[in-house]
Amino acid sequence: MTATATTDLVTHYINGTWTTDWAGLTNELRNPATGQVTGRVALAGLDEVDRAVAAARAAFETYSHTTIADRVAMFSRIAAEFTRRAEDMAIAVTTDMGIPIAGSRIAVGAAILQFTSMIDTLPGYPFHDVAGDHIIDKDPVGVAALIPPWNYPSLQMAEKVAPALAAGCTVILKPAEIVSHAGEVFAQIMDAAGVPAGVFNLLVGKGSTVGTALSKHPGVDMVAFTGSTDVGIQVQKDAADTVKRVSQELGGKSAHIVLPDADLDLAVTTAVNGVMSNSGQTCAAPTRTLVPAPLLDDFLRRVKSAVDGLTVGDPMKEVDLGPVANQTQWHTVQDYIQIGLDEGATLITGGPGKPDPTASGWYVRPTVFADVTNNMRIAREEIFGPVMSVITYTGIDDAIRIANDSEYGLAGYVTGEDTDQAKRVAARIRAGQVVVNAVTPNLFAPFGGYKHSGNGRIWGTAGLEEYLETKAIVGQI
Ligand code: NAD
């Protein structure tokens, strides 16, 4: 593969076979760094959905009874093949959605970890357990439709496929339309690793048709969805009539509490890296930075200096920020920057427009607002762009109150020298994963949302258990 992913037509992988004779509708795929067309994606319709569901249902009969040793062997092959194709995947992702290639490579490593961690987890997991006077069995839920978003696609596909297959489910993966090159590479990996026909299926196309059809389909037992809260609510409604399990990873507006004793260098690094990496398109980004009044001036001076030093440009090169994922996303972010100005927040750096107005890619100026109050829209709504809102607080109770005053509850961040105090503050934040004195989430710990950030958990054993039913066998055992 060259330094740009280009497949003329990305199509579906159903029952171990690629759909080669596609004569239906297609959409163009565009590189957000250049605006150039990189190929087309076949848009699956109801016929493809029915075929994929039938293939997954048929395969479930045998795959769900495979031994743990069989699954571990299969995961070893997948991990090896994924490692061999790592650079192809990284390039596909950067071509599709613009994350700088170095970040894409890190995410691919995290994706492979999803499979290798299951190799470690599976042998010791109690799928069959005697608990006093009864037996508890853990069975696979069945056919799982997996619907991830586009912002870290290699990881987001793997963090659903790996635990689902580890549990014994068969799957239909429907990646976000704009990351179809990445979806194609993922399916090629599964194919080359010898995943049995029907166990893994790929449908590419639109969420509004394929995603809806999968959510409603009587042959699908579970939907694992990651995406925006509005679409997550729709998926839940569509799945209700068939009483599916719906696991949701939704949006966020996470708070980063900088405690009065914080090491300001660390606080600034956490704030800037957390908000700006992947051009702010991170569900868990600490987009509300809570700073005690006495530290504010120093903090803002350092943040401005750090943000002004960020490079924005061609994501195939060594840059800090690439473009945002597409034109729609660019306009959304621009609208929010204007909203921040209109709401009376103080612009510290960045602002409307492209850093280089002549650039054809969808580049955004990394932007920091101060004097933000928690009732402003830029503090309440998920922007999904490189926009930091700095909010001043008066005391620790005030900081915790502000952090929790959000309809979201995905992540939290606490920076403070006294680790015991930082952990006490972390314990009071209503969010699924709280990071103390660091910025990177822990891929081995459960991750997911409180409140409107969802109800599911990914990663680690908790991620595996999303795909398991609990059966009790009682009586004369
Ligand atoms: P999105 O909600 O637009 O789309 C997510 C997925 O759902 C895509 O595959 C899309 O094709 C599909 N889809 C769209 N409409 C559908 C429908 N009616 N029925 C079924 N599926 C449908 O989200 P996005 O723009 O791709 O991603 C950004 C969002 O994802 C942000 O809100 C972000 O916070 C969230 N996100 C959450 C997490 C998490 O772990 N909580 C992680 C990453 C991203």
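Two strands pair if DSSP finds at least two bridges between them. The structure described here is a predicted model. On that criterion, strand S4 (residues 26–30) and strand S5 (residues 37–42) pair in the antiparallel sense, over 5 bridges. Glu28 has Arg40 in S5 as its bridge partner. The hairpin of S4 and S5 has 6 residues between the strands. Gly35 in this hairpin takes a positive phi near 80 degrees.

A second hairpin is formed by S6 and S7, with 2 residues between the strands. Here Gly132 takes a positive phi near 65 degrees. S6 and S7 pair in the antiparallel sense over 4 bridges. Asp129 has Ile136 in S7 as its bridge partner.

Strand S7 (residues 134–140) and S22 pair in the antiparallel sense over 6 bridges. Two residue pairs locate this pairing. Asp137 stands opposite Lys471 in S22. Ile135 has Ile473 in S22 as its bridge partner. In a regular strand the side chains alternate between the two faces of the sheet.

A further open sheet contains 7 strands. Their order is S15-S16-S17-S14-S13-S19-S20, and the pairing is mixed. The edge strands are strand S15 (346–349) and strand S20 (433–436), and each pairs on one side only. From one strand to the next, the twist averages 25 degrees. At one end of the order, strand S19 (residues 411–415) and S20 pair in the parallel sense.

The ligand site was examined next. Domain 1 (9–250 + 454–473) and domain 2 (255–443) both give residues to the shell around the ligand, so the ligand lies between them. There are 27 residues around the ligand. Pro148, Lys174, Ser228, Leu250 and Glu382 come nearest. By residue type, the shell divides into 14 nonpolar, 10 polar and 3 charged residues.

Several elements contribute to this shell. Helix H7 (207–216), strand S11 (222–226) and helix H8 (229–240) each supply at least two of its residues. H7 gives the largest share, with 4 residues.

A polar side-chain atom of Ser228 lies 2.6 Å from an oxygen atom of the ligand. Ser228 is also among the residues that come nearest to the ligand. A polar backbone atom of Gly227 is 3.4 Å from a ligand oxygen atom. For Gly207, a polar backbone atom is likewise 3.4 Å from an oxygen atom of the ligand. On its own, the ligand has 840 Å² of accessible area. The protein covers 87% of that area.

Methods: Residues are numbered from 1 along each chain as its sequence is written. This is a predicted model: local features need pLDDT of at least 70, side-chain atom pairs count only at pLDDT 80 or more; totals for chains, interfaces and linings use all residues. Side-chain values use heavy atoms; hydrogens and water are left out. A residue is near a molecule or strand if one of its heavy atoms lies within 4 Å of it. A polar contact is a pair of N or O atoms within 3.5 Å; within protein, one must be able to donate a hydrogen and the other to accept it, and residues adjacent in sequence count only if both atoms are side-chain atoms. Accessible areas come from the Shrake-Rupley method with a 1.4 Å probe; for residues, only the protein chains shown count as cover. Ala, Val, Leu, Ile, Met, Phe, Trp, Tyr, Cys and Pro count as nonpolar, Asp, Glu, Lys and Arg as charged, and the others, Gly among them, as polar. Domain bounds come from an automatic or database domain assignment. Axes are lines fitted to C-alpha atoms, for helices over the stretch in contact, and angles run from 0 to 180 degrees between N-to-C directions.
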